[in-house]
Amino acid sequence: MAGSSSSIVAGLTAAALATVGFLAFRASATLPADLAGPRSGNVAGVSASKVPRDREDPDALPDGSGTGQRVVYSVDDDRVWLVAAGGKVKRTFRVYPGSVDPPTGVYAVTSRSNAATGTDGASIEHVIRFASVDTVTIGFSTTVRSPSTHPDPALETGGIRESRADGDAMWDFATIGRPVVVIR
């Protein structure tokens, strides 16, 4: 009797896995093209071209960087703004980008890791991932033991390094699903 009940359980498990696999395939095959990657262009008030800057206050949040709570990252200025509800900037700071920049557009935080090893071999923490370019994952992080510096340009890295205090602020703010707006 024990042999037949284990066969039944194994059969039911195989059937369930096959059903889940089939449904996952169907879902991926019917995914709209606009959900398959980052949204770029003029999405939610985001400009695809270089957004204007405030000449009197270069650290001010640029117009054309979206609306609502979000992280704004300027690849041209190597600067991040953490924007709270109502468009109020909670914090802005300089970053040290890797050698691979994400295209402009609106992304979302897809994963977070408290600790990891960067592609440059450095021990990093507070890793906030939001995009990928080819095989390079793009995200914010803080080095554990040394101050953030410019990474080796010979390596293809997507790590955008922050100071420890800025990394702590980013970790608290950029939860899963939080929009990340990449501008020029």
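Begin with the largest nonpolar core, which has 24 residues. A nonpolar core is a set of buried Ala, Val, Leu, Ile, Met, Phe, Trp, Tyr and Cys residues joined through side-chain atoms within 4.5 Å. Buried denotes under 20% relative accessible area, exposed over 50%, and partly exposed the range in between (1.4 Å probe, protein chains only). Select V71, V80, F130, F140 and M170, the residues with the most contacts inside this core. At least two residues each come from strand 1 (70–74), strand 2 (79–83), strand 6 (123–133), strand 7 (136–143), helix 2 (164–173) and strand 9 (179–183). Helix 2 gives the most, with four residues. Helices (H or I, at least four residues) and strands (E, at least two) are DSSP runs, numbered from the N terminus.

The model is predicted: local features need pLDDT of at least 70 and side-chain atom pairs count only at pLDDT 80 or more, whereas totals for chains, interfaces and linings use all residues. Residues are numbered from 1 along each chain as its sequence is written, and side-chain values use heavy atoms, with hydrogens and water left out.

Next, centre the view on F130. Contact here means heavy atoms within 4.5 Å. Not counting residues up to four places away in sequence, F130 touches P102, Y107, A108, V109, T110, I138, G139, F140, I160, V180 and V182. A second, separate core of six residues can then be selected; V72, W81, V106 and I183 are among them.

Move to helix 2. Its buried residues include D166, G167, A169, M170, W171 and F173. The buried residues of helix 2 pack against strand 1, strand 2, strand 3 (89–94), strand 5 (111–117), strand 6 and strand 7.

H126 is buried, with a relative accessible area of 12%. Its side chain is joined to that of D168 by a polar contact of 3.2 Å. A polar contact is a pair of N or O atoms within 3.5 Å; within protein, one must be able to donate a hydrogen and the other to accept it, and residues adjacent in sequence count only if both atoms are side-chain atoms. Leaving aside neighbours within four places in sequence, H126 is in contact with S113, N114, F140, S141, G167, D168 and W171.

Continue to R178, in the loop between helix 2 and strand 9. R178 is buried yet has no salt bridge, and the nearest side chain of opposite charge, D172, is 10 Å away. A salt bridge is a side-chain nitrogen of Lys or Arg within 4 Å of a carboxyl oxygen of Asp or Glu; Lys and Arg count as positive and Asp and Glu as negative, while His and the chain ends are not counted. The side chain of R178 reaches the backbone oxygen of F173 at 3.1 Å.

Now select strand 9, where four of the five residues are buried. Strand 9 pairs with strand 1 in the parallel sense over four bridges, and S74 stands opposite I183. With strand 4 (residues 105–108), strand 9 pairs in the antiparallel sense over four bridges; there, V180 is the bridge partner of Y107. Two strands pair if DSSP finds at least two bridges between them.

Finish at S111 in strand 5, which is partly exposed, with a relative accessible area of 23%. The C-alpha atoms of S111 and I176 are separated by 6.2 Å, although these residues lie 65 residues apart along the chain.
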